[in-house]
Amino acid sequence: ASSISVFSGIQPTGIPHLGNYLGALRQWVGIQDKSPESARLIFCIVDLHAITQPQEAEQLRERKMEMLATLLAIGLDPRRCTIFEQSRVPAHSELMWILSCVAPMGRLNRMTQWKSKLGIPSDQNALQEKSATAGLKLGLFSYPVLQAADILIHKTTHVPVGEDQAQHLELTREIASSFNKTFKRDILKLPITLLSPAKRVMSLKDPTQKMSKSASDPSSRILLTDSPKTVHDKLRKAITDSSLGPLTYDTQNRPGLSNLIEILSHIRRRQDFDNVAKEVSDMSLKGFKDLVADAINEHLEPIRDEYEKIIAESNREVLRFVASEGERKARESAEETLAEVKEVVGI
Ligand code: ADP
Ligand code: NA
């Protein structure tokens, strides 16, 4: 058996945006296409994480289907990968409870994601934090432990994610080694974090914030299914500065423009942002924004076409079949680890 085992997840909270795609999803496909046959590749639609924020039942069910369709449209191959819905594999939640019994509260308290989801600024004003935590739900606080369970239950070796998840991966490793130490057996594997070159794609409306599904302004993000016109409109409205003179890559002083230069570079699989900036420096801002929109559209066109075919009502049976096959394979992998864990815990 191969020692490579890749796991990653995405919340079914809407069509993925360019940040999800460049920061995580494109890397999933890249890994699939270059891994040896023997590598295990597991991609999870994490509905249990989605319900840490209020969701509408019917909409959540539909969004899981849309997410599955999106993952297939970007090029994940269900014959090669296990793609499944988290809640259909109860071993994830069972392991979470067991890990909760070794996970230190103090460490969870220092995680920043639940704070940002409650709108607590990162400078951590103690008073603000106290009033916001009055309404804090236990699930939103403890979901990094569920995330640790998601990863550890599949004996994952590599986790491709965006930078916002690096902190949770660190916690996952700590929980794994704490479990192994407590029960004096090396059952849980410590996974490696794989950051894509596009670690953090920023919002088009506020370049100090990451592009996010939850930001209230929909024109702050490009969705994979946006029409070419919508992409152009969003780019034109993107916040940049009004400096005169050549376009330059300067993350300190021109964060909005620099974000667009990075997006263009990542689409072209380049990381030499300064050179990319030099190549466009003579363009007008409007011309440059149209160029970025065209590059995005050209890249997304085949994905959008695929998505339309896959999500069609006539194809629902196929989607349901892919989801059940994924569930079957994920259960097999998860139950194996859970059995070992229960054995040493004594339950
Ligand atoms: P969101 O944060 O938009 O709700 P998820 O939590 O479902 O999305 O994250 C799915 C994946 O996308 C994770 O690996 C996360 O790190 C990555 N990701 C999310 N937003 C960005 C971004 N703006 N830039 C890069 N990667 C991102
Ligand atoms: Na996220």
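In the predicted model, residues P228, V231, H232, L235 and R236 of helix α10 meet K289, D290, V292, A293, I296 and N297 of helix α13. The residues of this contact divide into six nonpolar, two polar and three charged. Helix α10 spans residues 228-237 and helix α13 spans residues 285-311, and the two pack at an angle of about 145° with their axes 9 Å apart; the crossing that α10 and α13 form is right-handed.

At the level of the whole chain, the domain assignment gives domain 1, made up of residues 5-200 + 316-345, and domain 2, made up of residues 225-309. The centres of domain 1 and domain 2, taken over C-alpha atoms, are separated by 30 Å. Nine residues from domain 1 and seven residues from domain 2 take part in the contact between them. On the side of domain 1 that touches domain 2, the elements giving two or more residues are α1 and α3 (57-73), and α3 gives the most, with three residues. This side of domain 1 comprises eight nonpolar residues and one polar residue, with no charged residues.

Turning to the ligand, ligand 1 is surrounded by 19 residues, of which the closest are G19, G23, A24, V161 and G162. Helix α1, which covers residues 18-34, supplies the largest share of this shell, with four residues. By residue class, the shell around ligand 1 divides into six nonpolar, nine polar and four charged residues.

Methods
Residues numbered from 1 in each chain as written. Chains lettered and ligands numbered in written order. Predicted model: local features only at pLDDT ≥ 70, side-chain atom pairs only at ≥ 80, totals over all residues. Near = placed C-beta within 6 Å. Nonpolar A, V, L, I, M, F, W, Y, C, P; charged D, E, K, R; others polar. Domains from an automatic or database assignment. Contact = placed C-beta atoms within 7 Å. Axes fitted to C-alpha atoms, helices over the stretch in contact; angles between N-to-C directions. Left-handed = near helix turned anticlockwise from the far one by under 90°.
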